[in-house]
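Me: I have a structure to read. Please take me through some of its features, one at a time.

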Amino acid sequence: LCVAASVSFAQKKAVNEAQSIAKGSTPDFSEARTLIKGALENPETKDDAKTWYVAGFIEDQQFSNERTKQVLGQQPDEPVMYEALGSILPYFEKAYELDQLPNEKGKVKPKFTKDIKGILGANHVYYINGGAYYFDQKDYNKAYDFFEQYLKISDMPMFKGEAVAERDSNFMTVQFYAAVAATQLGDSQKAIAALERAKNTEFPEEQYFLMSLINNYIYSNRNEKAIEYLNTAIAKDSNNPQLYDVMGRVYETGLKDYAKAEEYFKKALAINPDYIESLSNLGRVYYNQGVNKQGEANMINDAKQYQEELGKAKEFFKQALPYFEKAHQMKPEEREYMTALRGIYYNLNMGDKFDAIEAEMNK
């Protein structure tokens, strides 16, 4: 009995020592792993929640050490950093399972769940980085594993109702790339399962992925491609004002075709007269043309011709006015709308309204 007690004590001491080494100022992670490996295999400690928690803790400490370098602008050892990150969850899953077991009195008193939750929550987004890293390395097996770990953490009961569990754009994107990684592996069953999951949980009518693709074309100045995909989207969902609004922005900012931009913003407002993005966008189309026309007028020396061009500028300001006034009424705190109104009131000599909007802005 004394010998058995001595062995048990030695293994528990090894667990504590491994944790102490990992969180020291000059950690020796190889030594910490060697110590915890023995405890994970020993009958006296292999069913102890703390043993599995410390195993995950060691990996988290190494990951955090490398990530700190990244934060400080230094080059981390990425293979080491992501290898450690990918090892945390399997240990923590087992630790969490054991931590939920009742004690000798039949009561569940978890000791490590709070720390496990804190670490997994803090690291959650980095599984996306890890998946992307391995994807770039063409290690699709590890990429798939990282994306799956991200999704698994999102589904853990401890995170129910919290931000980690939200089905946001990150969640949708990770599902998509998990499916892509599975496809690259050549594992048909795994790929089909991942694609089915992504298909069943993505946004309605695949709006998220389609709009992301369109935005990528817009930001890369590939306007014709953006228009092509927008037309496809409009054919599927012709009553969606957002699609017409985005099309208007492509024509306005990408192609400088104000007539076409005006046409699409008006189509959006025909579907929803209170669609605030199109109200302000259409107002801006008229406003900017007024500013441009005013600039052209200022270059004219002939007084009569100057007044004619200035009159055209004022017509554009008059057209912009009702759209910005409605947008301001709907969203009175939006400074962009107030700034536009101030410019319109000034150019149309609407002194009282100019003073009122100035006072509002000065608040």
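Reply: Start with a polar contact: a pair of N or O atoms within 3.5 Å; within protein, one must be able to donate a hydrogen and the other to accept it, and residues adjacent in sequence count only if both atoms are side-chain atoms. Helices are DSSP runs (H or I, at least four residues), numbered from the N terminus. At the start of α2, a side-chain oxygen of D28 comes within 3.3 Å of the backbone nitrogen of S30. This is a predicted model: local features need pLDDT of at least 70, side-chain atom pairs count only at pLDDT 80 or more, and totals for chains, interfaces and linings use all residues. Residues are numbered from 1 along each chain as its sequence is written, and side-chain values use heavy atoms, with hydrogens and water left out.

Me: Which residues of α2 are buried?

Reply: Buried means under 20% relative accessible area, exposed over 50%, partly exposed in between (1.4 Å probe, protein chains only). An α-helix has 3.6 residues a turn, so residues three or four places apart point the same way. In α2, F29, A32, L35, I36, A39 and L40 are buried. They fall within an arc of 140° seen down the axis (directions from the helix axis to the C-beta atoms), so they line one face of the helix. The face turned away carries exposed S30, T34 and E41.

Me: Where is K138, and what is its phi?

Reply: Most residues other than glycine have a negative phi. K138 has a positive one, near 65°. K138 sits in the loop between α6 (126-136) and α7 (140-154). At 59% relative accessibility, K138 is exposed.

Note on methods. Helix = DSSP H or I, 4+ residues; strand = E, 2+ residues; numbered from the N terminus.
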